[in-house]
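Subject: Structure handover

Dear colleague,

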Amino acid sequence: MDTRMQAFLLHLVLASFVFLSSIRDGYAGITSSYVRSEFPSVDIPLNHEAFAVPKGYNAPQQVHITQGDYDGKAVIISWVTPDEAGSSHVQFGTSENNFQASAEGTVSNYTLGKYKSGYIHHCLVDGLEHNTKYYYRIGTGDSSREFWFKTPPKIELDAPYKFGIIGDLGQTFNSLSTLEHYIESEAHTVLYVGDLSYADNYEYTDVGLRWDTWGRFVERSTAYQPWIWSAGNHEIEHFPYMGEVVPFMSYLQRHTTPYLASKSSSPLWYAIRRASAHIIVLSSYSPFAKYTPQFEWLGEELKRVDRKKTPWLIVLMHVPLYNSNEANYMEGESMRVVFESWFIMYKVDVIFAGHVHAYERSYRFSNIDYNITSGNRYPVPDKSSPVYITVGDGGNQEGLCSRFMYPQP
């Protein structure tokens, strides 16, 4: 692997505990020298092999898994059957071609304008052992497909783990480059910071079609390891011209989360523990002001953090709270005002966001003294504050945001 590739992987994939240790020391590594073209790209053609449909009648496709409980001893396996509902049955076990157990899932579909989705299956597989490789089979007969995943280590202080951070991926050739580099890194789980398929840049039936291509596109990773989902603005999908105004419809139909395990009332915000990390997912586009469900839930979830078991506290969201890029400037300010004091009080280690199609990493600083009529007007150094990292350059069709404020704050 050449040095340029190595630098890119340092940028994209964070070996979490070596990396986070350096964050605590006030040093977060070297920003990659890899530079992607800033110009808009085009989505991969529909007939490209990256979107290949698996062989066989009604063969499962768009397979993806996510954590299925609070502590990593369960997964939710999701897939789509295109022709008929078929079976929602999952066979699994610890030996290849020897499935000692099974679980039964649910199936549903939805319409978006004149588009009708395939049959979407979600199956909870629980009662698993930590740090164990499992094989699983979905589908029936000659059209069945087999995959595997590995559960994380037991929740404890020194459990090592490697996360990848991806945001704003899309389905261009740049997206494919990002995905391939991530897979080569051999990280264990993706923390995804919103904006998945960019299907909302299309119209009418092409919206649903591009959700399907994206599901097949990422399956090379998502079928084998959990992706921890969060929603971005491209998941809202407000289409009055089609009579479709229910937000997040496609996203919520296709991507389930273990929100009930963390006592959340919505799959858009939730928390999990994995290895030695406590991970909180927030929704930038759901109500978060005082007294709202997300506000009340976060206040309780932060109290549940046990640094003796999970010393690393990570928050995921789509819109960055601090951003010095000219794109999307100040869009995270309202959430910052509401939540920043909590993030400091509970000493959140790092907050990952996407949305801005660029990479940016902050020093530790805060702006909690300013209350419009008094206090400091500008952010000040604060060792109790998180490091803020924007990773919104996954490769989508809109290109990079290369213009930063000058002078840089």
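Which residues does Asn-323 touch, not counting those up to four places away in sequence? They are Asn-328, Tyr-329, Val-356 and Glu-360, where contact means heavy atoms within 4.5 Å.

This is a predicted model, in which local features need pLDDT of at least 70 and side-chain atom pairs count only at pLDDT 80 or more, while totals for chains, interfaces and linings use all residues. Residues are numbered from 1 along each chain as its sequence is written, and side-chain values use heavy atoms, with hydrogens and water left out.

Asn-323 sits in the loop between strand S17 (312-316) and helix H7 (333-345); helices (H or I, at least four residues) and strands (E, at least two) are DSSP runs numbered from the N terminus. Asn-323 counts as buried because its relative accessibility is 12%, the cut-off being under 20% relative accessible area with a 1.4 Å probe, protein chains only. A polar atom of the Asn-323 side chain lies 2.8 Å from the backbone nitrogen of Asn-325. The backbone oxygen of Ala-327 is 2.9 Å from a polar atom of that side chain.

On the helix pair: the axes of H3 (residues 173-185) and H4 (residues 205-222) come within 10 Å and cross at roughly 10 degrees. The axes are lines fitted to C-alpha atoms over the stretch in contact, with angles from 0 to 180 degrees between N-to-C directions. H3 and H4 are therefore roughly parallel, a term for angles under 35 degrees. H3 contributes Ser-175, Leu-176, Leu-179, Glu-180, Tyr-182 and Ile-183 to the contact, and H4 contributes Phe-217, Val-218, Arg-220 and Ser-221.

Regards

Technical notes. Buried means under 20% relative accessible area, exposed over 50%, partly exposed in between (1.4 Å probe, protein chains only). A polar contact is a pair of N or O atoms within 3.5 Å; within protein, one must be able to donate a hydrogen and the other to accept it, and residues adjacent in sequence count only if both atoms are side-chain atoms. Angles under 35 degrees count as roughly parallel, over 145 as roughly antiparallel, 65 to 115 as roughly perpendicular and the rest as oblique.
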